[in-house]
2 protein chains.
Amino acid sequence: MKHSSPVPHELRFAVLAADAVMFTVFDGRLHVRLIPVHLPPYFSHLAGIPGGLLAPTETADQAAVRHATTKGGVLHEHLYLEQLYTFSAINRDPRNRVVAVAYLGLVPWEVLTKTAERDTAAATWVRIDKLPKLAYDHREIIRVGLERLRSRVTYTTIIKQLMPKEFTLTDLEVMYETVLGQDIDKRNFRKKVLKTGVLQVLPRERTGEQHRPAKLYRFLNRDIEPIAII
Amino acid sequence: MKHSSPVPHELRFAVLAADAVMFTVFDGRLHVRLIPVHLPPYFSHLAGIPGGLLAPTETADQAAVRHATTKGGVLHEHLYLEQLYTFSAINRDPRNRVVAVAYLGLVPWEVLTKTAERDTAAATWVRIDKLPKLAYDHREIIRVGLERLRSRVTYTTIIKQLMPKEFTLTDLEVMYETVLGQDIDKRNFRKKVLKTGVLQVLPRERTGEQHRPAKLYRFLNRDIEPIAII
DNA sequence: ATACTTAGTGTAGTATATACACCATGAAGC
DNA sequence: GCTTCATGGTGTATATACTACACTAAGTAT
């Protein structure tokens with residue numbers, strides 16, 4: 001049993017939420033995961049990023065995983081999440097004081113095989129240059145998430161969280177180009193990325209593509225290392 | 001008047017706090033601001049970083065400024081604060097569920113002229129290699145703050161938040177060396193930092209120091225720019 | 001005038017970044 | 001089986017940046 005609380009009721013004014021800005025890349029475009037917002041005062045007119053309240057026995061990390069998977073439809077084992085920023089503006093939710101711990105989520109498109117992970121009534125992948133009107137401050141949260149993603153991509157190996165297990169060097173180059181929105185020189189990119197030593201060549205090639213087969217690579221481990229690549 | 005809340009009482013389990021890990025540098029050492037923790041279950045046995053609960057009409061940023069100034073004793077106009085990380089472990093406070101939005105604070109030692117800003121009974125500057133036993137998860141918060149400071153110092157100009165208005169190139173070099181804990185080559189440092197263009201030479205020198213006078217510089221603006229220096 | 005202390009500077013060697021074009025190889029069509 | 005097509009894969013020359021390193025300059029104190 002708990003002791004009587006030393007914190008007066010009027011300081012328990014806020015509700016805590018965990019929201020996830022999840023990105024994936026396909027068709028050479030960055031996409032973000034959006035769900036319809038059913039709650040008042042929006043009643044499905046608007047979209048938002050997946051998220052929800054913390055339970056009393058949950059950390060923000062745990063709540064982020066729970067809401068990203070249940071509401072966002074992306075399987076836990078496919079998803080990388082890291083804390084992004086905490087949004088605490090007084091009226092960010094018009095109904096209540098809600099403080100949101102936002103998370104940056106990344107998931108490789110290729111692993112999203114289950115129907116619920118692609119586009120359904122409950123959740124869709126939307127091009128970041130085609131965002132609809134969004135509820136709350138979710139446009140701002142997405143902006144901060146994208147900014148963080150682009151920044152981290154240039155000095156860490158976080159991009160591995162967007163790549164499938166096996167990929168060609170062109171796949172990886174295109175991923176960098178898509179996330180950063182800029183072209184990269186093919187020869188210089190290959191020299192640089194191979195010199196970092198984060199990739200392992202596989203004894204296999206990707207064939208069947210009406211051109212010369214490409215060697216397949218994988219990242220040596222799942223951790224994000226602080227290495228400048230671009 | 002507020003509408004009746006759509007959020008059940010049992011989801012208002014948490015209290016929100018804003019804590020500030022404030023750093024300054026003097027005597028060639030990094031110091032962090034600590035205050036005695038009077039509350040149960042610690043009763044002044046332990047120290048902690050300044051912080052406190054959010055008021056219902058406050059953002060986390062505002063609460064961080066308020067507690068850093070009132071409890072930490074550092075004047076608002078001397079203090080730089082940026083959001084660091086949100087700590088939400090279930091039992092981080094043994095009395096209550098408290099979710100803390102932690103802030104990284106920086107302040108130049110030279111501006112701390114008021115008594116309350118130096119060492120008092122209410123707050124002291126403690127060498128980061130001589131930390132006492134700390135309440136809650138404050139050692140972890142300080143660790144994360146220091147890690148963030150060192151990381152930001154290498155690819156932004158955040159170090160300007162630790163420098164007085166006017167300084168010599170040696171002052172700046174020593175600041176980098178102190179924060180990063182490593183020596184820097186004097187000639188290479190000067191070439192690099194002057195080439196970035198973030199500094200302005202002043203038409204003045206620092207004299208009276210029983211050696212050749214040093215030119216004084218200042219940062220061109222207060223914003224933090226993403227520039228690699230070390 | 002001398003001693004002391006930090007300020008201020010340059011260069012050579014190495015490593016890294018950039019710009020840029022052609023041959024290799026499998027698939028598909030004839 | 002020859003040709004076409006499309007992407008895979010490679011090297012070099014130039015410019016820029018990084019590193020290591022030692023001496024003179026100038027004010028203060030005696």
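Reader: What makes up the area that chain A and chain B bury between them?
Author: In this predicted model, chain A and chain B bury about 3000 Å² between them, with 58% of that on carbon and sulfur atoms. R12(A), L16(A) and Q83(A) supply 18% of what chain A buries against chain B, more than any other three residues.

Reader: How many residues does each chain bring to the contact?
Author: Chain A puts in 33 residues and chain B puts in 33 residues.

Reader: Which elements of chain A supply the side that touches chain B?
Author: β1 (15–26), α1 (60–70), β5 (80–87) and β6 each supply at least two residues. β5(A) gives the most, with three residues. By kind, that side of chain A splits into 18 nonpolar, eight polar and seven charged residues.

Reader: Now V99(A), in strand β6 (residues 98–106) of chain A. Why does V99(A) count as buried?
Author: Its relative accessibility is 1%, and buried means under 20%, so V99(A) counts as buried.

Reader: What does V99(A) touch, leaving out residues up to four places away in sequence?
Author: In chain A, its contacts include A14(A), V15(A), L16(A), A17(A), F87(A) and R92(A). From chain B, V99(A) touches L16(B).

Notes
Residues are numbered from 1 along each chain as its sequence is written. Chains are lettered from A and ligands numbered from 1 in the order in which they are written. This is a predicted model: local features need pLDDT of at least 70, side-chain atom pairs count only at pLDDT 80 or more; totals for chains, interfaces and linings use all residues. Side-chain values use heavy atoms; hydrogens and water are left out. Helices (H or I, at least four residues) and strands (E, at least two) are DSSP runs, numbered from the N terminus. Buried means under 20% relative accessible area, exposed over 50%, partly exposed in between (1.4 Å probe, protein chains only). Contact means heavy atoms within 4.5 Å. Buried area is the accessible area (1.4 Å probe) that two parts lose on being put together, summed over both. Ala, Val, Leu, Ile, Met, Phe, Trp, Tyr, Cys and Pro count as nonpolar, Asp, Glu, Lys and Arg as charged, and the others, Gly among them, as polar.
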